[in-house]
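Colleague: Please show me the sequence and the structure, and let us then go through them by question and answer.

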Amino acid sequence: MTDLTIAMPKGRIFEEAYEMLIQAGFDLPADVEISRKLMIEVPSEKIRFILAKPMDVPTYVEHGVADIGIAGKDVLLEQGRAVHELLDLKISKCYIASAGLPNTKLGDIAPRIATKYPTVASNYYREKGEQVEIIGLNGSIELAPMIGLADRIVDIVSTGQTLKENGLVEYEYITDVSSRLIANPVSYRMKNERIQDLVKRLKKCVK
Amino acid sequence: MSPIRKFEKPLGMRDTFPKIFEKKEVVRQAGRDFLRLRGFDFIKTPTLEYYDTVGKASAIVESSLFKLVDSQGNTLVLRPDMTTPIARVATSKLLKEKIPLRLAYFANVFRAQETEGGRPAEFEQMGVEIIGDSSVYADAEILLTAIELLKALGVTQFKITIGHAGILKAILTQNVRTKEQFRELHKLLVHKNIVGFEEAIKKFDLPESNKETLIAFIEEAAELKSIAQLDKYLVEKDAFKYMERLQRILTISEVEEYIDFEFTLASHMNYYTGMLFEVFAIGTGFPLGNGGRYDGLLDEFGAQVGAIGFGMRVDHLLEVMPAIHEETTDVLVLFAQDDFPTALAQAAVLRKEGKRTTLQSIEGLENKEAFEQLFSEVVCIGQGGIVHD
């Protein structure tokens, strides 16, 4: 059996994904201390987990330092990296949407869109045939329309609670997001059997 | 943008330092000896080509082309690949002299990129093309050349994944309604986005039977045990029979362990018409190279002949090749000004023995000790005669 390096996103998705791997029959320790650790070795399964920021998982996989990884579709869309998308795990489901202050229209001249996802936002408005100016932000995107930095925001929405609390309304649904199993193109070929086995076992656990 | 600093290079451009230079030289030499012995002739083409000829015919997307304008106002490109210039020179000249042609190259190609590091915009490729042979044996020869070349370079853990552009096209078009649907599915396969492929099929307005066929095909193709499994998906069997013949030839050639058939393999290089393949090896996260049959490209240059070839990335090859341990003696001959004639004679003797010898005046050194450290042997020629360290 060949070694397998799996890049996992830290935080809430880690626990859900890890739980899925256990359900899929992988012999993994039930309790893992991941607060500060960046790597976890599981010799019995010849698996090594590396723990990365969710945004960075596709980077590790693209460069082949991780064979496979679990990444959000939002990140994959935004970064467009050369990785294979093998399975929709259907966990951490949410969607990307545009939002803004109620009863407002996009300005005619260079409407401004604040977002953590400049590529996704830019592609969406381009498809629609609207020219917009993208303002990149790293967090608390909801602030932008409230204080007049932007007309709209493009961000992930899971319950809509954050939008509501900040007096924003959703305007357009853009795309669904969930966690995906991704693979490095070389690992996909060189470790095909192991990866296919993992895909099949995980597929049975997808709800 | 911040002002350019003195040490900066354009994005994606790299210096080749002496150590890497020597390593590449080993690859180049070994590759050249190997390919010459196999009957391939090496050629070189210009760095600059017209945008209207090579630039447009090349499968590299326009945004990746480096463009410039000549004094007459023509748009030029830095060659983005070697296959297209070779197709140009073969159709205009070489095919009149010899057919089929077996050509090889070791050249740098240029592809602009806007993103982050890790991807050079100029890189060396080593490759071969067989032009003017449409038989299945040309396909086999290209695959065998790739396999034997890797072995000759000391690469052991590698895989060649083989598909067929025509077969994939046939299976997809048989099961979709529109060109747009075909294009969307094909693009998803280029990126091996299995999730996206399955989602797209669900979304399409297609009869259930077609949807089921496509899903079954992609699942079966991921773990193909035998080419025969493909038979049921095809109405027109010519390409299928061609691949069966290819498989038989490869079995006779005893290279099965290096080969996987994968019929969802799709390439963004739209000139591939028949068999196509990708090369992967343990040790690098990126494919080593790719190749295939591109009869369509020759057609664009006005010749209706078969053509097939492959190109491999030299930078990725270096990552997967075993380390080269070369024990070279590196001699430093140091001399004071009056002893120059003695030093000159001494250096000549050493070089004749085949030893790499650096002749250096003490006068020219600022830090003698530090410089001496860089050599395996130091010969000091001074008033007291010759001293070996």
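Colleague: In which order do the strands of the open sheet of chain B stand?
Modeller: This is a predicted model, in which local features need pLDDT of at least 70 and side-chain atom pairs count only at pLDDT 80 or more, while totals for chains, interfaces and linings use all residues. Residues are numbered from 1 along each chain as its sequence is written, and chains are lettered from A and ligands numbered from 1 in the order in which they are written. Strands (E, at least two residues) and helices (H or I, at least four) are DSSP runs numbered from the N terminus, and two strands pair if DSSP finds at least two bridges between them. The open sheet of chain B has three strands with antiparallel pairing, in the order β2-β4-β3.

Colleague: Which are the edge strands of this sheet in chain B?
Modeller: Strand β2 (residues 48-50) of chain B is joined to strand β4 (residues 75-78) of chain B by three bridges, and B:Leu48 has B:Leu78 as its bridge partner. Strand β3 (residues 67-69) of chain B also pairs with β4(B) over three bridges, with B:Leu68 opposite B:Leu76 and B:Lys67 opposite B:Val77. An edge strand pairs on one side only, and in chain B the edge strands are β2 and β3.

Colleague: Which residue takes a positive phi in the hairpin of β3(B) and β4(B)?
Modeller: The hairpin has five residues between its strands. A positive phi near 90 degrees is taken there by B:Gly73.

Colleague: Is α6(B) roughly parallel or roughly antiparallel to α7(B)?
Modeller: Axes are lines fitted to C-alpha atoms, for helices over the stretch in contact, and angles run from 0 to 180 degrees between N-to-C directions. Helix α6 (residues 179-190) of chain B packs against helix α7 (residues 194-203) of chain B at an angle of about 165 degrees, with the axes 8 Å apart. Angles under 35 degrees count as roughly parallel, over 145 as roughly antiparallel, 65 to 115 as roughly perpendicular and the rest as oblique. Therefore α6(B) and α7(B) are roughly antiparallel.

Colleague: How many nonpolar residues does the contact of α6(B) with α7(B) have?
Modeller: Residues are in contact if their C-beta atoms, placed from the backbone, lie within 7 Å; B:Glu184, B:Leu185, B:Leu188 and B:Leu189 of α6(B) meet B:Gly196, B:Phe197 and B:Ala200 of α7(B). Ala, Val, Leu, Ile, Met, Phe, Trp, Tyr, Cys and Pro count as nonpolar, Asp, Glu, Lys and Arg as charged, and the others, Gly among them, as polar. Beside one polar and one charged residue, the number of nonpolar residues is five.

Colleague: Which are the edge strands of the open sheet of six strands in chain A?
Modeller: The sheet has mixed pairing and the order β2-β3-β1-β4-β11-β5. Strand β1 (residues 4-9) of chain A and strand β3 (residues 47-52) of chain A pair in the parallel sense over six bridges, whereas strand β2 (residues 39-42) of chain A pairs with β3(A) in the antiparallel sense over four. Four bridges join β5(A) to strand β11 (residues 179-183) of chain A, also antiparallel. In chain A the edge strands are β2 and β5.

Colleague: Which residue takes a positive phi in the hairpin of β2(A) and β3(A)?
Modeller: In this part of chain A, A:Val42 stands opposite A:Ile47. The hairpin has four residues between the strands, and a positive phi near 55 degrees is taken by A:Lys46.

Colleague: At what angle to β5(A) does helix α8 (residues 192-205) of chain A run?
Modeller: Helix α1 (residues 12-23) of chain A lies across β1, β3, β4 (68-72) and β11 of chain A, at about 135 degrees to β1(A). Helix α8 of chain A lies across β1, β4, β5 and β11 of chain A, and its angle to β5(A) is about 25 degrees.

Colleague: Which element gives the largest share of the side of chain A that touches chain B?
Modeller: In total, 16 residues of chain A are in contact with 17 residues of chain B. The elements of chain A that give two or more residues to this side are β5 (84-88) and α7 (185-190). The largest share, five residues, comes from β5(A).

How values were computed:
Two residues are in contact if their C-beta atoms, placed from the backbone, lie within 7 Å.
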